[in-house]
Structure formats: structure tokens, C-alpha cells
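Please read this briefing beside the sequence and the model. The points below are grouped by topic.

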Amino acid sequence: MAAGLRPGRALLSRRRGALCALLRAARGLAARPETHFGFQNVTEAERREKIYQVFENVAEKYDVMNDSMSLGIHRVWKDILVHKMNPSPGTLLVDVAGGTGDIAFRFLNYVRSVRERQLQQKLRNHQNLSWQEISKSYQEEKSNPLGDSQVVVCDINKEMLKAGMQKAQHLGYSEGLSWVLGNAEELPFDDDKFDVYTIAFGIRNVTRIDLALQEAYRVLKPGGRFLCLEFSHVSNPLLSRLYDLYSFQVIPVLGEVIAGDWKSYQYLVESIRRFPPQEELKAMIEDAGFLKVDYQNLNSGIVAIHSGFKL
Amino acid sequence: MYGGGGPGVPLTAQQPRLHRIPHAVPRHSRRFVHREQPCRNRRHPAPPRPAASGAAPCCGGQRCGLRCCGRCAALRVREPRASRGAARPEGDVSLRRPVGRVPLYPGHIPTSPLQKALLAAGSACAALWDPYRHDMVAVLGETTGCLALPTLRDRMRNDPEGYRIFQERPRIRLSTLDMAWLRGLPDGALGREYIRFLEDNKVSPDTRMPAKFVDDEELAYVIQRYREVHDLMHTLLGMPTNMLGEVVVKWFEAIQTGLPMCVLGAAFGPVRLNARKLQVLATELLPWAVRSGRNASCVLNVYYEQRWEQSVESLREEIGIFPPPAVRV
């Protein structure tokens with residue numbers, strides 16, 4: 001009987017030991033959640049702080065650096081994103097991590113041209129208009145060139161927003177544009193507000209991607225679209241090696257020479273490598289509740305556009 | 001010299017020479033490792049415990065074949081140059097120099113040769129485009145100085161005052177300078193003239209960039225010292241920080257240090273000067289700078305922090321710099 005009890009007691013003590021280990025691990029996890037900053041391991045609070053500092057440092061030379069690192073191709077990527085979005089006049093867009101406003105400006109241009117074409121089409125279709133009706137349509141064009149479309153640029157970093165506002169003033173964008181300081185993991189907007197949510201090259205810097213996706217789901221109207229433009233995984237092995245060589249050897253050097261900041265651009269290329277690949281991000285978007293999630297690879301995987309709908 | 005073989009070779013069959021000739025590595029040599037340090041080579045068996053009283057003393061590996069009796073610590077040395085080309089046993093981590101990109105000093109960014117080449121080219125273009133980008137001039141100096149910096153370091157080490165500077169590693173920064181006392185020195189003293197130079201030209205010693213791309217801690221200090229002494233060069237040569245003054249100081253430094261960055265700056269700097277300044281440069285300032293540069297002893301070997309009270313003229317005479325020409329720069 002004693003022999004029968006002993007293995008039972010041993011089993012119980014082993015189970016208790018395992019439970020203690022599990023509790024210890026859980027306590028440790030809750031106290032210091034580990035995440036990554038490039039190739040380093042840091043806590044979540046440290047990561048937020050470091051990323052804030054990175055973008056504070058690069059804000060002024062952000063556009064120049066984008067052009068020099070991607071040899072201007074980033075403009076094509078952003079154009080493709082807005083064309084994929086295909087907004088009609090009257091769309092409400094929120095551009096999260098929109099910083100210097102590249103997507104917002106392209107959206108406004110697109111909507112303006114669509115509106116002009118709409119009005120021209122209207123004039124052409126109605127052949128026998130009176131003079132008053134024609135002049136009214138011209139006035140409409142002048143008074144409402146955007147057709148009530150609006151874009152809200154939201155960013156966590158004040159310097160990036162400042163750079164964006166200066167750029168808007170410089171380029172002459174004033175209508176239909178608002179600038180909001182906010183965190184992608186906790187957006188300062190009501191539920192069911194926007195038609196389209198975009199995040200271009202920003203979701204990589206968010207500490208909790210799942211929270212950002214949940215917030216995206218929350219602020220979108222039913223029928224709204226989620227679009228994410230981000231650096232992704234290159235599957236072609238030869239291109240991948242060339243891309244790695246270029247990323248790790250050339251980009252930090254460009255950062256040092258043009259912006260005087262090696263470490264921020266080292267962080268940039270490391271964070272691209274730590275970001276989940278296309279399929280994993282697609283699964284995360286589906287987990288947040290989006291339907292008909294799909295992705296499109298640009299430049300064979302250097303950049304990918306993920307799209308989902310709140311239905 | 002290290003007669004290690006692969007696993008399976010009986011240790012008694014090998015003849016590690018250090019065991020035979022214990023004084024092969026003299027004590028004062030940098031390669032000598034004190035015996036008390038434990039052997040960290042994982043391929044060697046653990047050292048036998050010290051015998052109880054009465055037991056025979058350790059044979060040092062000569063009879064029992066166990067090399068880790070404490071004498072093995074002497075094996076943890078760098079291989080002499082002759083045998084460095086010979087094949088080394090695979091598992092010997094202790095004999096290899098640390099490879100990989102580890103920062104060697106605070107602020108060090110390890111770079112590959114390709115990155116250094118790109119940095120050198122990029123910083124040269126950026127410095128030519130905008131001469132006020134001091135950080136680009138600094139990066140150019142660091143990436144191209146791989147030949148000149150060791151020569152400078154050896155010159156510092158071979159001179160008694162330079163050796164002292166190298167040991168004590170002083171830094172010229174606002175936090176280490178006593179500005180009030182320096183300002184109180186009589187006119188003509190080095191400290192007073194230095195403060196006057198800083199105030200007139202509105203520069204500060206704290207704006208010097210620390211060394212980032214030099215892959216050796218000593219050479220990083222040498223180039224850091226060179227940068228901090230640059231302002232004192234301006235004071236000793238009596239040149240302001242406008243383009244002409246900078247070109248003259250660069251010529252002097254190019255001859256003194258031989259750094260490619262100084263040579264490039266001296267060669268390309270005059271491109272941005274107008275005809276009148278070029279004439280002044282060519283006729284009066286350059287011959288004087290070149291003569292002074294060749295005549296003077298190494299300016300990095302002067303412990304400036306201990307000579308604040310010395311007058312500028314006497315320091316110039318001591319170093320060997322001729323009095324500057326009476327030209328308005």
C-alpha cells in the first residue's frame with residue numbers, strides 16, 4: 001500500500017511543481033512583457049519610448065530619406081495604395097501613423113479629380129441646360145471641389161505631425177484635412193465613424209499590432225475598408241539576398257550621410273526583418289474581425305498591401 | 001607552438017612546449033597570463049582538486065598528461081606571429097580573438113569594409129556640398145584614417161608627454177574646463193586666448209562629435225584628441241573659423257598628422273574661396289603654414305591642459321610654429 005501511495009504522491013508533487021513554475025512564469029510575464037526593438041529585446045514601455053525618439057529625430061528629413069532610400073519608388077507604392085482604395089467624393093478617411101501626410105495628400109488629389117470628372121460628366125449628359133443651371137454647376141465645382149470628402153491624419157508623434165502640417169501649408173492643402181495626435185492602439189475617435197482606414201509604413205512601429213487592428217475595426221463603419229501598406233517578406237531567394245545586402249549595408253550609411261543618424265535607420269531595417277510576413281499578418285487581420293482579407297505583393301514582396309472589410 | 005590535436009590523440013603523445021620550457025613566455029611579455037587564472041578551454045578536462053597534505057604535488061601535465069593543472073593557464077596566450085598561419089584546433093575558443101561586431105567603446109558603431117567605403121565616399125560628397133556639416137568631415141576622417149592613425153598613436157606613445165596624455169586620456173569639454181579661472185588669466189596666456197577664440201567665433205568644445213566608426217579603442221582616443229585640439233590649433237596659429245582660416249589650419253594639420261581627411265580638406269577647401277583670398281592664401285599664409293608644419297613637433301604631444309598659464313608665444317616657440325604673418329584673415 002505504501003508502494004502504491006508513493007508514486008501517487010510523486011505525481012502530485014510533480015504537478016504542483018509544474019503549476020508553481022507556470023505561475024512564476026505568468027507573474028514574470030505580467031511584470032515585464034518582452035518585445036523587440038529591431039534586433040534587441042526591450043520592454044513594451046521602452047520600445048514605445050525608443051520609437052518615439054527615432055521618429056522625433058528623423059521627422060525633418062523623413063521625406064528626403066524616403067526618396068533616397070527607396071530611390072523614389074515609395075511614391076509609386078503610395079499611389080498604388082490610393083488607386084486600390086479608389087475613393088469616391090464624400091469618403092471619410094482616417095490615415096493612422098500618417099505623419100507627414102503623403103497618403104492624405106494623394107487622397108485629396110484623387111478625390112478632387114474624381115469630383116471634377118463627375119461634374120464634367122453631369123454637364124455632358126444634360127444637353128439642354130439653362131444658363132442658370134450651368135453656372136450653378138460651376139459654382140458647385142468651386143465651392144465644393146472635394147465633394148465633402150475628409151481625411152483625418154492621426155499620428156502619435158508631434159514632430160511628424162508638425163512636419164506634415166508645414167508640408168500641407170507649403171503645398172497648399174487646406175480643405176478637408178485635419179491633424180490629430182493619437183495612439184493607434186487607442187484611437188481618440190468614436191465607433192463606426194470612418195469609411196476607410198489606412199496605415200502606411202506605420203503598423204510596424206506599433207507595439208501591440210492586435211490592439212491597433214481592433215481599434216481599426218472599431219472606428220470603421222460597417223462596410224468600411226481597412227488598408228495596410230507595409231514592408232514585408234521577400235520570397236525570391238536571390239532578390240532577398242540583394243535586398244538584405246542593400247538594407248544592412250547601404251541604408252544606415254545613407255542615414256548617417258543625409259540625416260546624420262545611423263541608429264534610427266539601423267532600427268528601420270531591423271524592424272522590417274522582425275515584422276510578421278504576409279500570411280501571418282493576414283491571419284492577424286482576420287482575427288480582428290475583418291472579412292475578405294487579401295494581400296497584394298508589390299516588387300515581389302518588398303512591400304505588401306493588405307486589405308480587409310468590416311462587414 | 002600550441003601542440004593541440006583533435007580528440008582521440010593521446011595527450012601524452014603531444015609535446016606542448018610551454019610545459020617543457022616554463023619560461024618560454026617571459027613574465028613581462030603582454031602574452032603572459034598569470035597562472036592563477038583558470039583555463040576556460042572546454043575541451044580540457046577539469047583540473048584535479050588540490051591534493052590533501054602528504055600527496056605528491058602536481059606534475060604540471062608532464063607525467064599524467066592532464067594539462068589542466070593550472071599550468072594550462074599559460075596556454076591561453078595569443079599565438080606568436082610565426083604560427084598564426086598554422087591550422088588551429090577547432091574547439092579552441094580561448095585562442096581566437098573575438099570576432100563579430102561588438103562595440104569596443106561607448107558610441108562605437110561596428111561597420112563592415114563595404115560600409116566604411118560607402119561612408120567615406122558619401123561623407124566626402126556631403127562635406128564638399130555643405131562645408132558646415134562638421135559631422136561629415138568627422139566621419140570622413142574616421143573612415144579614411146586607418147593608416148595615419150596608428151602612426152599618430154605611435155608618435156604619441158614614443159614621446160614622454162604624449163605617453164602621459166595617452167595614459168591619462170584627458171578630454172577638453174566645457175564640464176572639464178574651469179571657464180572663470182581661464183578667463184581670469186592675463187592676456188597672451190594660452191587659456192585666455194583660447195577662451196577669447198571660443199567667444200569670438202561662438203564655438204564650443206562640446207560640439208565635437210565622438211568617434212563612432214574607428215574599430216580600435218586607442219585610435220578612437222587619438223582621433224578624439226585630434227578633434228579637441230583643433231580649436232587650440234586655431235588659437236596657436238591665430239586663425240579664425242572662416243573658410244580661409246580653416247583652410248590654413250587644415251594645411252598645417254595635413255602636414256602634421258598626415259590624415260587623409262586633412263589632406264582632402266586642404267586640397268579642396270580653396271575651391272570655395274574668392275580670388276583675393278586665394279591670393280592671400282597662396283602668397284603669405286600657405287608658405288608660413290607649410291614651413292611651420294614641417295618645423296613643429298607633433299602638436300598632439302603637448303599636454304595643453306597643464307599649460308593654460310603659459311603664454312602663446314612661448315608655446316609657439318617651444319612647439320616650433322613660426323609667428324603668423326600680419327595679414328587680416
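In chain B, residues 24 or more positions apart account for 70% of the contacts with a separation of 6 or more, a contact being heavy atoms within 4.5 Å. This is a predicted model, in which local features need pLDDT of at least 70 and side-chain atom pairs count only at pLDDT 80 or more, while totals for chains, interfaces and linings use all residues. Residues are numbered from 1 along each chain as its sequence is written, chains are lettered from A and ligands numbered from 1 in the order in which they are written, and side-chain values use heavy atoms, with hydrogens and water left out.

**Chain B overall**

- Chain B has twelve helices and zero strands, where helices (H or I, at least four residues) and strands (E, at least two) are DSSP runs numbered from the N terminus.
- Of the 329 residues of chain B, 43% count as buried; buried means under 20% relative accessible area, exposed over 50%, and partly exposed in between, with a 1.4 Å probe and protein chains only.

**Nonpolar cores**

- The largest nonpolar core has 60 residues, and those with the most contacts inside it are Leu236(B), Tyr304(B) and Ile319(B); such a core is a set of buried Ala, Val, Leu, Ile, Met, Phe, Trp, Tyr and Cys residues joined through side-chain atoms within 4.5 Å.
- Among the elements of chain B that each supply at least two residues of this core are helix H4 (148-158), helix H5 (160-168) and helix H11 (275-295), while the largest share, eleven residues, comes from H8(B).
- Apart from this core lies another, of 33 residues, including Val151(A), Phe231(A), Ile272(A) and Val303(A).
- Leu236(B) touches Leu190(B), Tyr304(B), Val312(B), Leu315(B), Arg316(B), Ile319(B) and Ile321(B), if residues up to four places away in sequence are not counted.

**Largest pocket**

- The largest pocket has a volume of about 960 Å³; on a 1 Å grid over the protein atoms alone, a pocket is an open set of points where a 1.4 Å probe fits, with protein on both sides within 12 Å along at least five of seven lines, and its volume is the space filled by probe spheres set on the points, which are joined across faces, edges and corners.
- Its lining, made of residues with an atom within 4 Å of a point, comprises 34 residues, of which Pro131(B), His134(B), Val137(B), Glu246(B) and Lys250(B) lie nearest the centre.
- These lining residues divide into 17 nonpolar, ten polar and seven charged, with Ala, Val, Leu, Ile, Met, Phe, Trp, Tyr, Cys and Pro counted as nonpolar, Asp, Glu, Lys and Arg as charged, and the others, Gly among them, as polar.

**Individual buried residues**

- Ser232(A), in the loop between strand S7 (220-231) and helix H9 (237-259) of chain A, counts as buried because its relative accessibility is 9%.
- The side chains of Ser232(A) and Gln278(A) are joined by a polar contact of 3.1 Å, a term for a pair of N or O atoms within 3.5 Å of which, within protein, one must be able to donate a hydrogen and the other to accept it, residues adjacent in sequence counting only if both atoms are side-chain atoms.
- Leu177(B) lies in the loop between H5 and helix H6 (179-183) of chain B and is likewise buried, at 9% relative accessibility.
- Arg153(B), in helix H4 of chain B, is buried with a relative accessible area of 15%, and its contacts beyond four places in sequence are Phe166(B), Asp216(B), Glu218(B), Leu219(B) and Val222(B).
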